Amino acid sequence: MPSDTGTLLEALAPPPVTVNRPLALFLDLDGVLAPMAPTPDAVVADPRRTAVLTRLDAVLDGRMAIVSGRTLKEIDRIADRAALSAAGVHGLERRRRDGAVDRPAASPGLAEVLASFRRFAADRPGVVVEDKGISAGLHFRQSPASADEALSLAHDLAGTTGLHLQPGHMVVELRTPGADKGGAVTAFMAEPPFAGALPVMLGDDLTDEAGFRAAEALGGFGVLVGPYRSTAARYGLAGVPEVLDWLEAVAEAGR
Ligand SMILES: O=P(O)(O)OC[C@H]1O[C@H](O[C@H]2O[C@H](CO)[C@@H](O)[C@H](O)[C@H]2O)[C@H](O)[C@@H](O)[C@@H]1O
């Protein structure tokens with residue numbers, strides 16, 4: 001059963017390499033397929049990651065999607081276009097295997113948010129603004145002292161614009177309201193080639209919890225990557241190297 005308390009100190013067991021139904025994989029990007037870096041742009045394509053994603057896509061007959069907070073453009077840059085199916089901006093935009101993309105119109109309040117974020121970043125060295133079109137991120141990994149003020153600014157702007165507040169790892173984001181990662185997993189699972197498979201979602205962030213719950217609701221499970229915390233995930237992996245090892249084992253088992 002998924003764990004529901006953050007006070008337990010136990011680690012989650014690693015996920016099985018084989019399951020008794022065709023497997024569908026939903027993979028978060030930052031912190032799961034790629035190690036954390038000082039800035040979003042510092043994460044680049046990696047031959048080992050691209051190779052295992054390409055292999056998995058073939059072995060799983062296309063039942064593999066990256067489900068990330070990044071935009072589809074960024075997912076393609078970092079994953080070297082190895083994932084045809086993908087959901088970006090925390091599930092707000094979704095690309096099917098045939099290339100068709102669903103994306104909502106950007107909330108009008110985003111222009112004001114970006115202007116405010118840029119004013120905030122201008123006199124705080126290290127603070128980075130990320131314009132994702134339908135969302136805006138304020139990164140403070142390189143300026144941790146700015147965290148409280150950044151969160152407070154984002155909270156105030158969420159109130160005035162109606163945008164959805166999305167906290168993350170050393171970032172706060174304001175995004176167009178709409179689907180989350182759980183919605184993306186559920187939508188993929190309703191369509192070929194995913195329909196009927198057992199969904200497994202790997203993630204590390206709070207935004208991945210919706211994906212874990214969606215996988216569980218459809219008979220699959222979530223895998224928490226990183227330190228133990230309160231989670232809907234059933235299994236755990238310690239970090240990116242362990243994820244890549246596990247994915248390679250899954251690809252090998254399915255060969
Ligand atoms: O859902 P994910 O694939 O995990 O994406 C979450 C966010 O990842 C990126 O930001 C994070 O990674 C950066 C690079 O390691 C790091 O510098 C930053 O502090 C992290 O928050 C990305 O920039 C965001 O758009 C994603 O939402």
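Visitor: Where does Arg-81 lie?
Guide: Arg-81 is in the loop between α2 (72–79) and β3 (85–88). Helices here are DSSP runs of H or I with at least four residues, strands are runs of E with at least two, and both are numbered from the N terminus. Before going on: this is a predicted model, where local features need pLDDT of at least 70, side-chain atom pairs count only at pLDDT 80 or more, and totals for chains, interfaces and linings use all residues. Residues are numbered from 1 along each chain as its sequence is written.

Visitor: What is phi of Arg-81 near?
Guide: Near 60°, a positive value in a residue other than glycine. Most residues other than glycine have a negative phi.

Visitor: Is Arg-81 buried, exposed or partly exposed, and why?
Guide: Arg-81 counts as partly exposed because it has 14 C-beta neighbours inside 10 Å. The scale: buried means 20 or more other C-beta atoms within 10 Å of the residue's own, exposed means 12 or fewer, partly exposed is in between, and C-beta atoms are placed from the backbone.

Visitor: What about Asp-61, what is its phi?
Guide: Positive, about 55°, although Asp-61 is not a glycine. Asp-61 sits in the loop between α1 (47–59) and β2 (64–67). With 14 C-beta neighbours inside 10 Å, Asp-61 counts as partly exposed.

Visitor: Which residues does a cis peptide bond join?
Guide: Pro-192 and Pro-193, with omega about 0°. Pro-193 is in the loop between α5 (181–189) and β10 (198–203). Most peptide bonds are trans.

Visitor: Let's zoom out. How many helices and strands?
Guide: The protein has 7 helices and 12 strands. Its radius of gyration is 18 Å, close to the 18 Å from the globule rule for 255 residues, so the protein is as compact as a globular protein of that length. That radius is taken over C-alpha atoms, and the rule is 2.2 Å times the number of residues to the power 0.38. The C-alpha trace spans about 55 × 45 × 35 Å along its principal axes.

Visitor: What share of the residues is buried?
Guide: Of the 255 residues, 45% count as buried.

Visitor: And what is in the largest nonpolar core?
Guide: It has 53 residues. Phe-26, Ala-65, Ile-66, Ala-83, Val-185, Val-200 and Val-243 touch the most other members. A nonpolar core is a set of buried Ala, Val, Leu, Ile, Met, Phe, Trp, Tyr and Cys residues joined through C-beta atoms within 7 Å. Helix α7 (residues 240–253) gives the most to this core, with 6 residues. Apart from this core lies another, of 15 residues, among them Phe-117, Ala-136, Leu-157 and Leu-174.

Visitor: Which residues does Val-185 touch?
Guide: Leaving out residues up to four places away in sequence, Val-185 touches Phe-26, Val-67, Pro-199, Met-201, Gly-211, Ala-214 and Ala-215. Contact means C-beta atoms, placed from the backbone, within 7 Å.

Visitor: How is the protein divided?
Guide: Into domain 1 (23–103 + 178–253) and domain 2 (110–175). The bounds come from an automatic or database domain assignment. Their C-alpha centres lie 25 Å apart. The contact takes 15 residues from domain 1 and 14 residues from domain 2. On the side of domain 1 that touches domain 2, the residues are 6 nonpolar, 6 polar and 3 charged. For those classes, Ala, Val, Leu, Ile, Met, Phe, Trp, Tyr, Cys and Pro are nonpolar, Asp, Glu, Lys and Arg are charged, and the others, Gly among them, are polar.

Visitor: Now the ligand. Which residues come nearest?
Guide: Leu-29, Asp-30, Pro-40, Ser-68 and Gly-69, out of 23 residues around the ligand. A residue is near if its C-beta atom, placed from the backbone, lies within 6 Å of the molecule. The shell has 8 nonpolar, 9 polar and 6 charged residues. Domain 1 and domain 2 each supply at least three residues to the shell.

Visitor: Last topic: where is Thr-176 found?
Guide: Thr-176 is in the loop between β9 (171–175) and α5. With 24 C-beta neighbours inside 10 Å, Thr-176 counts as buried. Thr-176 and Ala-106 are 70 residues apart in sequence, yet 6.1 Å apart in space, C-alpha to C-alpha.

Note on methods
Contact = placed C-beta atoms within 7 Å.
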